[in-house]
Every structure is written in C-alpha cells, then in structure tokens.
Amino acid sequence: MQNSAIRLTKKEVKTLPKELQDKITIELTFPVRQKPNGVFEVRYRAHGYNVAASSKDENKLKAKFIEALRNSSPRELPAPAVAVQSAAKFETVAGRWLELKRPTIKPTTHAYYVQLFGANIFPVLSGRELAEIKQSDVQQLVNDYVAQEKYRTALKIFQTLQAVFEFAVGEELLERSPMRLLKAPKYEEENGVALTVEEERELLRRIEESKCAPAIKAALIFILYTGIRRSELASAKIVDGCVEVRNSKTRKGFKEKTRFIPVTPMLAAWLPGFKLDELRAVRPDALTQAMKRLMPEHHLHELRHTFITRCQECGVSREVVSVWAGHAADNTQTSKVYTRFSPEFMKKEAQKVIYNLSPLV
C-alpha cells in the first residue's frame with residue numbers, strides 16, 4: 001500500500017453487519033500507523049465500537065480489519081440527557097460536512113479528520129441530537145484536552161466543531177451554533193530548531209551504530225542533506241546533479257509543483273552508498289519513529305530546519321535557499337514572478353554547502 005490509510009469500498013462496507021453499515025458510510029478511510037516494532041495497526045473507535053486489527057504484513061491488514069469489523073458489536077451508548085428537539089444526529093451532520101469537503105482536500109487530510117472524529121469527538125458527541133448539544137458540552141470537551149496539555153488537539157477539535165455547527169446552521173438544521181460565544185484555546189505552533197553541528201555529528205554516529213534498516217538510515221541522511229519533507233521522499237529522483245521532488249504542500253485544485261535541489265558536497269559524500277528505490281519506499285511514519293528513538297530531543301522535521309540553516313550558514317542567499325525548500329522568498333512581484341535562478345547558478349551555490357564533520361564525513 002502506498003498511502004498510510006485503508007479505504008473501504010462500498011462493496012466491502014455491504015459485507016458488514018447492517019447496524020455498522022449505517023454508521024460507517026461516512027468513515028470509509030481509516031488511518032494506518034506503524035508501531036516501533038514494525039507492526040501495522042488500524043482502528044475504528046466511534047458510535048460505541050472499538051475495533052482494531054494489526055499485522056506485520058501491511059498487505060494483509062485490510063482483510064484482517066474487515067474481518068474484525070464483521071465480528072464486532074457496539075457497547076451501549078449513554079442515553080441523551082436532554083429531550084430530543086431535532087431529528088438531526090450529530091454524527092450524521094458531521095459526516096455530510098466531511099463528504100462535502102472530500103473533493104477539496106487531500107486523502108491524508110480526510111483521513112486526519114476521520115481519526116479526529118473517531119478518537120476525540122464521536123466518543124463524546126455521537127448519538128446526540130444536534131439541538132441538544134450546548135456550548136457547555138463543547139467547552140468541556142475542549143477543556144478536557146487542555147487539562148491534559150494536548151493543546152493542538154484541543155484547537156483542532158474546536159476548529160472542526162466550529163465548521164460542523166456553522167454548516168448545520170447554513171443547512172437550517174440549527175438556529176444558532178453553540179460555538180458562537182466560545183473562544184478558541186491557545187496553541188502556539190512549535191516550529192522546531194535546527195540541530196547544531198555537534199548534534200548533527202552525533203545523529204550521524206547514532207544512525208551508523210543503530211539497528212535500523214539500511215533504507216531508513218539512508219532516508220534520514222537524505223532528508224538531512226536535502227531539506228525535503230518526509231512526504232516528498234517517495235517522489236525523489238536524481239536528475240542532472242539535482243534532487244527532483246514534487247512539493248507535498250500543493251493544495252488540491254492547484255497544479256502540482258516540482259522543485260530541484262542541487263546535490264551539495266555534503267550529500268554527494270553519501271550518495272554512492274544509497275539505493276534510491278529502497279530509500280523512496282520507506283514509510284514516513286517509520287522515519288518519524290526512527291528519529292524519535294535515535295534523538296528523542298529532536299523531531300524529524302527539524303532535519304529540514306537543519307538543512308535550511310546550514311545552507312545559510314555556508315553563505316547561500318536566503319532567496320536561493322527558499323527555492324530549494326519550496327518556500328516563497330517574499331510576497332513581492334519581483335520574487336514571485338520575475339526571479340528565476342539558472343540551474344548553473346543554483347549548482348554553483350550548492351558547492352558552498354560544505355563543512356567539517358570529521359571523522360564521519
């Protein structure tokens with residue numbers, strides 16, 4: 001499987017128990033995660049169901065998951081505390097909202113929403129009538145995650161519920177949204193920091209001495225010396241002395257962009273030992289887990305920060321580094337439309353990216 005999610009077809013859904021078919025139609029995509037021990041796992045937790053399947057072979061996971069769904073039964077959900085005022089169930093409206101969003105979002109984004117509903121929202125609000133959900137119910141749900149210091153999850157829940165209830169008002173299923181007087185929880189994005197040269201040297205040593213698969217080791221080093229995102233690894237090619245990748249941040253409906261990062265001396269020292277086909281096949285979550293084990297004080301995306309920082313420390317201009325990273329240098333017409341660096345100039349700039357990491361390089 002190429003995507004880290006399982007999608008059930010309508011034909012497969014029809015093989016499930018009738019009571020589950022009615023609930024699962026809005027959640028046809030289920031995220032797959034890989035545990036540190038290499039086992040793949042998928043779960044469905046909503047509407048009173050708690051179904052899980054796991055396998056060391058990802059190709060066998062879907063069949064195991066479907067079988068687990070067929071043999072599952074729901075726990076009894078608590079009765080609503082308020083008298084029924086509307087026939088619209090929360091999960092039904094949430095499902096309609098998500099289906100309308102599907103054409104405009106990426107499959108991975110859709111899978112994230114499904115996971116958020118299934119793991120964080122439906123266990124609390126599933127089975128409730130829209131009209132009976134008060135702002136205190138939503139506030140308590142958000143507060144529970146804030147109390148656990150899961151600020152990002154709290155904010156995502158708030159934003160998602162806000163969109164669902166606004167959709168319900170627009171569809172005339174509700175007169176007013178229970179979110180209208182609530183304030184979003186505070187969450188400051190952690191942008192991460194670049195590794196110091198000493199930390200970079202230590203990471204390479206740990207990679208070399210680790211028991212990680214050779215492809216995972218190579219992929220970590222490749223990201224460190226190209227600055228690509230983990231989701232872009234599968235598209236990486238070496239073309240005329242440059243690393244070619246497709247920009248994973250392209251929004252649905254926009255043209256997919258390809259960018260080129262010239263091979264720097266730091267990457268060139270490692271390339272002969274890399275098997276690019278194996279490197280591209282490494283799963284993104286396997287890289288995240290490997291980085292967490294090798295250097296717990298940093299996360300995988302900080303390898304991208306490190307590449308960008310080293311390039312600038314070695315004298316490459318910010319505008320050129322922005323092109324390599326797939327960022328816009330600024331919002332001026334000059335930067336967006338007129339500035340086009342030649343391949344020869346880019347390769348010349350890349351030769352500046354060389355620094356001492358002895359005795360490893």
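This is a predicted model: local features need pLDDT of at least 70, side-chain atom pairs count only at pLDDT 80 or more; totals for chains, interfaces and linings use all residues.
Q: Which residues are buried in α12?
A: Asp285, Ala286, Leu287, Gln289, Ala290, Met291 and Leu294 are. Buried means under 20% relative accessible area, exposed over 50%, partly exposed in between (1.4 Å probe, protein chains only). Helix α12 spans residues 284-294. Helices (H or I, at least four residues) and strands (E, at least two) are DSSP runs, numbered from the N terminus.

Q: What covers them?
A: The cover includes β2 (29-34), α8 (197-209), α9 (214-224) and α13 (302-313).

Q: OK, α13. At what angle does α13 pack with α14?
A: About 155 degrees, with the axes 9 Å apart. Axes are lines fitted to C-alpha atoms, for helices over the stretch in contact, and angles run from 0 to 180 degrees between N-to-C directions. So α13 is roughly antiparallel to α14 (that label is for angles over 145 degrees; under 35 is roughly parallel, 65 to 115 roughly perpendicular, the rest oblique).

Q: Which residues meet there?
A: From α13, Arg304, Phe307, Ile308, Cys311 and Gln312. From α14, Arg318, Val321, Trp324 and Ala325. Contact means heavy atoms within 4.5 Å.

Q: New topic. Where does Ser55 lie?
A: Ser55 is in strand β4, residues 49-55.

Q: Buried or exposed?
A: Ser55 is buried, because its relative accessible area is 7%.

Q: What does the Ser55 side chain reach?
A: The backbone oxygen of Asp57, at 3.0 Å.

Q: And which residues is Ser55 in contact with, leaving aside neighbours within four places in sequence?
A: Val39, Phe40, Lys60, Leu61 and Lys64.

Q: Now Glu149. What is its phi?
A: Phi of Glu149 is near 65 degrees, a positive value in a residue other than glycine. Glu149 sits in the loop between α6 (135-147) and α7 (151-170). Its relative accessible area is 58%, so Glu149 is exposed.

Q: What about the phi of Glu172?
A: Glu172 has a positive phi of about 60 degrees, though it is not a glycine. Its place is in the loop between α7 and α8. Glu172 counts as exposed, at 72% relative accessibility.

Notes:
Residues are numbered from 1 along each chain as its sequence is written. Side-chain values use heavy atoms; hydrogens and water are left out. A polar contact is a pair of N or O atoms within 3.5 Å; within protein, one must be able to donate a hydrogen and the other to accept it, and residues adjacent in sequence count only if both atoms are side-chain atoms.
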